[in-house]
Amino acid sequence: MRKAKIIRKTSETDIELSLNLDGNGKYNVKTTIPFIDHMLSLFSKHSLVDLKVIAKGDTEVDNHHLIEDLGIVLGEAIKKALGKKKGISRYGNFLLPMDESLSYIAIDLSGRPYISFDVKFKNSLDFDFSLIEEFFRGLVSSCGMNLHIKNHIGKNNHHIAESIFKGFAKSLKQAVNIDKKVKGIPSTKNKL
Ligand SMILES: [Mn+2]
């Protein structure tokens with residue numbers, strides 16, 4: 001079973017996250033930030049990764065530390081659960097529509113962290129949408145993932161964010177998929 005549990009406690013945040021890459025999309029997410037609970041829940045639902053998250057942080061400052069650290073811990077857990085990456089598809093991509101918003105996501109579980117984040121959110125008073133990029137930046141750095149995110153069209157911040165998280169979920173589902181025709185590690189270097 002490709003499962004992992006990460007407990008990470010710093011002076012800023014306290015996060016406990018467990019996942020199962022071979023799950024069926026069961027989730028229990030409590031981060032104290034309702035919008036992120038919504039995003040992580042739909043990530044689980046559409047990636048079929050079972051996800052449990054209990055987290056809190058210094059949100060009296062702002063949401064920055066907690067959202068960034070949630071990305072780091074999710075990336076760490078994906079990496080740990082993948083192990084040596086034997087037999088995986090490695091690549092995934094998805095063009096995901098969410099009402100008026102359309103986002104394209106591409107993943108390579110290459111072991112090398114890289115992010116391209118081409119998304120323009122509108123200014124918002126109720127949530128700092130710039131933190132979505134911080135979340136994914138943290139995730140790629142700890143996971144060693146190459147991740148391209150491009151929003152092609154979108155008006156509503158909530159829809160844009162949702163198209164990104166759902167597209168990420170669908171892409172990750174493809175990339176972590178065990179392909180029976182893949183023998184060993186899918187790299188000519190024999191290491192990912
Ligand atoms: Mn929604």
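# Reading the helices and the sheet

User: How does Helix H1 lie relative to S3 and strand S4?

Analyst: Helix H1, which covers residues 34–47, lies across S3 and strand S4 (50–57), and its direction makes about 165 degrees with that of S3. Helices (H or I, at least four residues) and strands (E, at least two) are DSSP runs, numbered from the N terminus, and each direction follows an axis, a line fitted to C-alpha atoms, for helices over the stretch in contact, with angles running from 0 to 180 degrees between N-to-C directions. This is a predicted model, in which local features need pLDDT of at least 70 and side-chain atom pairs count only at pLDDT 80 or more, whereas totals for chains, interfaces and linings use all residues. Residues are numbered from 1 along each chain as its sequence is written.

User: In what order do the strands of the open sheet stand?

Analyst: To read a sheet, one looks for paired strands, meaning strands between which DSSP finds at least two bridges. Here 4 strands form an open sheet in the order S1-S2-S4-S3, and the pairing is mixed. Strand S1 (3–9) and strand S3 (27–30) each have a single partner strand and stand at the edges, so one side of each is left without a neighbour in the sheet. On average, neighbouring strands of this sheet are turned by 5 degrees against each other, direction ignored.

User: How many bridges join S1 to strand S2, and do they run parallel or antiparallel?

Analyst: S1 and strand S2 (residues 13–20) run antiparallel and are joined by 7 bridges, and Ile7 stands opposite Glu16 in S2. Helix H2 (residues 64–82) packs on the sheet, where it touches S1, S2 and S4, and its direction makes about 35 degrees with that of S2.

User: Which residues touch the most other members of the largest nonpolar core?

Analyst: In soluble globular proteins, nonpolar side chains tend to be buried together. A nonpolar core is a set of buried Ala, Val, Leu, Ile, Met, Phe, Trp, Tyr and Cys residues joined through C-beta atoms within 7 Å; a residue is buried if 20 or more other C-beta atoms lie within 10 Å of its own, exposed if 12 or fewer, and partly exposed in between, with C-beta atoms placed from the backbone. The largest core has 52 residues, of which Leu17, Leu70, Val73, Ala77, Leu139 and Ile164 touch the most other members. Its largest share, 10 residues, comes from H2. Beyond its neighbours within four places in sequence, Leu17 is in contact (C-beta atoms, placed from the backbone, within 7 Å) with Ile6, Lys52, Val53, Val73, Leu74 and Ala77.

User: Why is H3 described as largely enclosed?

Analyst: Of the 13 residues of H3, 10 are buried, so the helix is largely enclosed by the rest of the structure. The buried residues of H3 pack against H2, strand S7 (114–118), strand S8 (146–153) and helix H4 (157–176). H3 is followed by Gly144, whose phi is positive, near 70 degrees. H2 is likewise mostly covered, with 15 of its 19 residues buried.

User: At what angle do the axes of H1 and H4 cross?

Analyst: These axes come within 8 Å and cross at roughly 35 degrees. A crossing is left-handed if the near helix is turned anticlockwise from the far one by less than a right angle, and right-handed if clockwise; H1 passes H4 in a right-handed crossing. Residues making the contact include Met39, Leu42 and Phe43 of H1 and Ala161, Phe165 and Phe168 of H4.

Methods: Contact = placed C-beta atoms within 7 Å.
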